[in-house]
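Here's a protein model to explore together.

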Amino acid sequence: MKNLYIIFFAIAFVSCDNIFFEEEFPDNAVSNFEYFWKEYDAKYGLFQVKNIDWDSVYSVYRPQISETSTDEELYSVLVGMLELLNDNHIALAPTSDSDLPYYRSGILGKLGTINDFDLEILKNSYFTTTKFEDPFFTYGILPGNIGYIHIEGFSDMPRYIEKPMDNILSELKDTKAIIIDARGGYGGEDLMGKYIAGRFATEKTLYQKSRIKNGAGENDFTEWEEWYVEPEGDFQYSNPVVVLTHRFTLSARETFCLAMKVLPQVTFVGDTTAGSFSNQINRELPNGWGYSISIGQWVDANGTSYEGLGLVPDIVIQNKKQDVLNGKDEVLEKAMEILN
């Protein structure tokens, strides 16, 4: 399960616990630094994947903090450490009474907002009519008898989307191809992406493996869990499919892409995805600041991790903001071109 939505619209940080250590931490800059470093040391699952020596990070940043350091100085040091991780699933959120900004690591923290995709503009420019199927699906038929499905979110379990997917695919079953739009929206449940991919699968195929940090040692992880995509629902759509992605395709959207990538009739068009696959947990420092930690490792069926890298589409195209504002979506048009 993915706990993090795409732009952190709201973050509810849980209370601190002492799963891996029971040391008391008073509220001062040194204590908050130590608490933060030790939590990551015990629970962050991607140091090996990202080839980061967390002890060396401590040696560099610990001397920059003293008990008289200000909140601003502590914030600067913690952000510096998080920048090294380049992880879209981690963030630092000072308390609401602070003037310090919310910080997000990774490429999404640098991009800020989506400017290469707008579903409403797309609907007005390319469709005569579209339908919405609760809870997350906008769909319709494009010129050339090509079906289109946009998935807004992945936050519900499969049992809640079986009927919506039946309704959508029943209406699109006679199309010659379908475009699935994984741009925009937010992350959610890996199981939902697995189910949706299964509506397009004709056989059972391994597509990813995952494991979770479960101890303070460097190699303390659960056993690998294997994930398979397999035929789901009363019928499966087997005609060609194109999946559209961009830099804000992340988390459960990316694991959905891993599932779709093993299907032979699927092509990917758009921009490289965000590169953030792991689950994350939300935590709280002694001073009340919230932060998140990626706690696992997600790899494809061959054992390759795409954390911090993202999935590169078969055909790479980046929409320009002004084109989108003018009602033109080059990514969608390329998908339509290769399907016609």
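In which loop does Pro240 lie? Look between strand β8 (225–229) and strand β9 (241–245): Pro240 is in the loop that joins that stretch of numbering. Keep in mind as you look that this is a predicted model.

**Around Pro240**

Setting aside neighbours within four places in sequence, Pro240 is in contact with Lys176, Ala177, Ile178, Gln265 and Leu339. Now find Ile146: it is 94 residues from Pro240 along the chain, yet their C-alpha atoms are separated by 9.8 Å.

**Two helices side by side**

Next, pick out helix α8 (residues 190–198) and helix α9 (residues 252–261). Their axes are 8 Å apart, and the helices pack at an angle of about 30°. That makes α8 roughly parallel to α9, because angles under 35 degrees count that way. As for handedness, the crossing of α8 and α9 is right-handed.

Who meets whom here? From α8 come Asp190, Gly193, Ile196 and Ala197, and they meet Ala252, Thr255, Phe256, Ala259 and Met260 of α9. Sorted by class, the contact of α8 with α9 has six nonpolar, two polar and one charged residues.

**Rings that pair up**

How many aromatic pairs does a search of the whole structure find? The search turns up 15 aromatic pairs. Here are two of them.

| Pair | Centre to centre | Angle between planes | Type |
|---|---|---|---|
| Tyr40 and Trp54 | 5.8 Å | 40° | tilted |
| Tyr75 and Trp289 | 6.3 Å | 75° | edge-to-face |

Tyr40 sits in helix α1 (residues 29–43) and Trp54 in helix α3 (residues 54–61), so their pair ties together parts that are 14 residues apart in sequence. Both Tyr40 and Trp54 are buried.

Finally, go back to Tyr40 and Trp54. Both belong to a cluster linked by ring pairs, along with Phe33, Phe36, Trp37, Tyr44, Phe47, Tyr58 and Tyr291.

How values were computed
Residues are numbered from 1 along each chain as its sequence is written. This is a predicted model: local features need pLDDT of at least 70, side-chain atom pairs count only at pLDDT 80 or more; totals for chains, interfaces and linings use all residues. Side-chain values use heavy atoms; hydrogens and water are left out. Axes are lines fitted to C-alpha atoms, for helices over the stretch in contact, and angles run from 0 to 180 degrees between N-to-C directions. Helices (H or I, at least four residues) and strands (E, at least two) are DSSP runs, numbered from the N terminus. Angles under 35 degrees count as roughly parallel, over 145 as roughly antiparallel, 65 to 115 as roughly perpendicular and the rest as oblique. A crossing is left-handed if the near helix is turned anticlockwise from the far one by less than a right angle, and right-handed if clockwise. Contact means heavy atoms within 4.5 Å. Ala, Val, Leu, Ile, Met, Phe, Trp, Tyr, Cys and Pro count as nonpolar, Asp, Glu, Lys and Arg as charged, and the others, Gly among them, as polar. Rings of Phe, Tyr and Trp (its six-membered ring) pair if their centres lie within 6.5 Å; planes under 30 degrees apart count as stacked, over 60 as edge-to-face and the rest as tilted. Buried means under 20% relative accessible area, exposed over 50%, partly exposed in between (1.4 Å probe, protein chains only).
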